[in-house]
Amino acid sequence: MRRMRRLLVPTVIAAAGAALLSAGPAGAGAGVEPGSITCHGGSLSAAFNPGVTFRKQTTQVQADGDLGVCFSQEHPKLTGGTFRFTGSGTGACPGPFVVGYGRLTITWNDGSTSTMPQMSIRAEARTVALDSGAVSEGPFRGETGRLNGSVTTSLTELGQHCVSSGGLTRYEANLDSVALGAI
């Protein structure tokens, strides 16, 4: 009898573990499109309203851009797209110009869209990052997104705009990488 219990307990534990593994991660189910995608060579153009000055204040941010060339094993037809970010944050010259949150919508080359309603933004003199947004709808739903870039607006030009009466209202960057997935 003891020998049978010793054999039965590991078997029950193994069966329970297999059942849990086959169920998948919490929240997985119909309609979820898991996977990942990476893009390189894109661009970003941002507008700040009101313009960023040496006085810390809240500003509205609108950024548009191109994802560059994209690759996904799970979604091979998605090879590029455009994006739009709208949000707000606080900042001042010399930086960070904006730290805040907003909504990022990606329109893929096949016409589908991925939406991240709560994406953080950090725009500095040399780098820009949009990070930690979970895709709520569209391809890659449930996955996390990240965009990183290097600012192409010169430091001299940024400084000139910071001291002007309207402040820094435009900002340009090349995207080093864009990723959606388990990042």
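These notebook entries record what I looked up on aromatic pairs and disulfides in a predicted model.

**Entry 1: ground rules.** I number residues from 1 along each chain as its sequence is written, and side-chain values use heavy atoms, with hydrogens and water left out. As the model is predicted, local features need pLDDT of at least 70 and side-chain atom pairs count only at pLDDT 80 or more, whereas totals for chains, interfaces and linings use all residues.

**Entry 2: aromatic pairs.** I took rings of Phe, Tyr and Trp (its six-membered ring) as paired if their centres lie within 6.5 Å; planes under 30 degrees apart count as stacked, over 60 as edge-to-face and the rest as tilted. Strands (E, at least two residues) and helices (H or I, at least four) are DSSP runs, numbered from the N terminus.

I then looked up F97 and Y171: their ring centres are 6.1 Å apart with planes at 80°, so this pair is edge-to-face. F97 sits in the loop between strand 3 (81-91) and strand 4 (98-108), so its pairing with Y171 in strand 8 ties together parts 74 residues apart in sequence. I note that ring pairs join F48, F97 and Y171 in a cluster.

For burial I used relative accessible area (buried under 20%, exposed over 50%, partly exposed in between; 1.4 Å probe, protein chains only). F48 is buried at 4% and Y171 at 1%; F97 is buried as well.

**Entry 3: disulfides.** With a disulfide taken as a pair of cysteine sulfur atoms within 2.5 Å, I counted two. The sulfur atoms of C39 and C70 are 2.1 Å apart, and the S-S torsion of about 105° makes this disulfide right-handed. C39 in strand 1 and C70 in strand 2 (residues 57-71) are 31 residues apart. Both are buried, C39 at 1% and C70 at 6%.

In the disulfide of C93 and C162, the sulfur atoms are 1.9 Å apart; the torsion is about -80°, so the bond is left-handed. C93 lies in the loop between strand 3 and strand 4, and C162 in helix 2 (residues 155-163), so the bond ties together parts 69 residues apart in sequence. C93 is buried at 5%, and C162 is buried at 5%. Counting bonded cysteines along the chain, I recorded the pattern 1-2, 3-4.
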